[in-house]
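Trainee: Please walk me through reading this model.

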Amino acid sequence: MTDKSKAKQYERIKLILSLSETALIIILLVYFIFSGLSIELKNRVLTITDSIYAGFFIYVAALAVVLTAISVIFSFISGYYFEHRYHLSNQSFWAWTWETFKGLVVGLVLSIPLLFLFFYFINRFPQTWWIWMGAAMFVFSVLLSRIAPQVIFPLFYKFEPVDNPEILERMQKLAKKGKFTLKGIFRFNMSKDTVKANAAFTGIGKSKRIILGDNLLNSFSADEIEAVFAHEVGHFVHLHILIRLFTGTFSSFLIFFLADFLYNIFDNSLGFNGITDMAGLPLLVVLMILAGFVITPFDNALSRHHERQADRYAVLNSSNPQAFITSMKKLSDINLADTKPNAVVEFLFHGHPAIDKRIRFANDIINESQK
Ligand SMILES: [Zn+2]
């Protein structure tokens, strides 16, 4: 099989698995709603405790166990089995289990206060809970962006400042040009888990930093690393983290609003007694997932637009623009990316433009700037 068709097959499997997981969750929740199981679970929970808060947490915990089990199974198939089958993963089964366990604990710690707030808001403000919850999500996202690079990422990877003097000098020059305060450029040991390479601009305020995978630093030339770094500086110069924070908040408002609106249409006929009825929670979750489906393509379109802006910045500002193109080729080879995905799949699900398009776009900018 050629590398191209292998990449196509790999991406297709990944997409099918991810869509199957969501479909399975929706089917299960719908079954839970229509079979009367949800109301039965609520009644049982209310025999254990009189407190609505304790009752809500027991109900959610029971539901969460089932949903988490599904997500762990899919994560094993997609993130362990197929990653090994395509020779992309270095993880032993135990390493995978440990990383998954840590991920679950972090998810639990982060979601408990949000669930508590959610339940508080729907009880205190049954009409306008979605506004309060949207606002809470904004505060939560800001806090998370601020603390994640220093508190959460290190639970999974080891970060060290990049110390190669040649690379550093090039980065300092680019950072100065983009008025990016060069406090944090870190390498992280991505290679312990995967052969894939990646880089990202992350954090806000004092946690703002650029992180580069060790695979990338080891296998890319200085010119290529500079181009990748310039792309990340491009995200900074165009204020993408800030913009995403606001559009992300707008999306959560919209998702909560739409779910609330539709819930109020269906709840009585399904035997649920208003938004505060915990038995109606699976219905609300299904509606949120469906609303998310409507919003995701818009979100991805914005993300692809940002990627193009960052690409343009990289091509125009790195000392060897051709290195941007070779870095794209290397990245797609290492990460087994489909360079020419189906247009509909790209439109609906991809946050990055197809590699073929990025290379063509970069060539256009190089030709334009040489005129
Ligand atoms: Zn990017």
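Trainee: What percentage of the 371 residues of the protein chain count as buried?

Mentor: The model is predicted: local features need pLDDT of at least 70, side-chain atom pairs count only at pLDDT 80 or more, and totals for chains, interfaces and linings use all residues. Residues are numbered from 1 along each chain as its sequence is written. A residue is buried if 20 or more other C-beta atoms, placed from the backbone, lie within 10 Å of its own. Here 27% of the 371 residues qualify.

Trainee: Which secondary structure elements does the protein chain have?

Mentor: Helices (H or I, at least four residues) and strands (E, at least two) are DSSP runs, numbered from the N terminus. The protein chain has 13 helices and four strands.

Trainee: How do H1 and H3 cross?

Mentor: The axes of H1 (residues 3–34) and H3 (residues 52–85) come within 11 Å and cross at roughly 170 degrees. Angles over 145 degrees count as roughly antiparallel, so H1 is roughly antiparallel to H3. The residues of this contact divide into eleven nonpolar, two polar and two charged.

Trainee: In which sense does S2 pair with S1, and in which with S4?

Mentor: Two strands pair if DSSP finds at least two bridges between them. S1 (residues 159–161) and S2 (residues 185–188) are antiparallel, over three bridges. S2 and S4 (residues 209–213) are parallel, over four bridges. Follow Arg187: it is the bridge partner of Glu160, and its own partner in S4 is Leu212.

Definitions and conventions. Buried ≥ 20, exposed ≤ 12 C-beta atoms within 10 Å, placed from the backbone. Axes fitted to C-alpha atoms, helices over the stretch in contact; angles between N-to-C directions. Parallel < 35°, antiparallel > 145°, perpendicular 65-115°, else oblique. Nonpolar A, V, L, I, M, F, W, Y, C, P; charged D, E, K, R; others polar.
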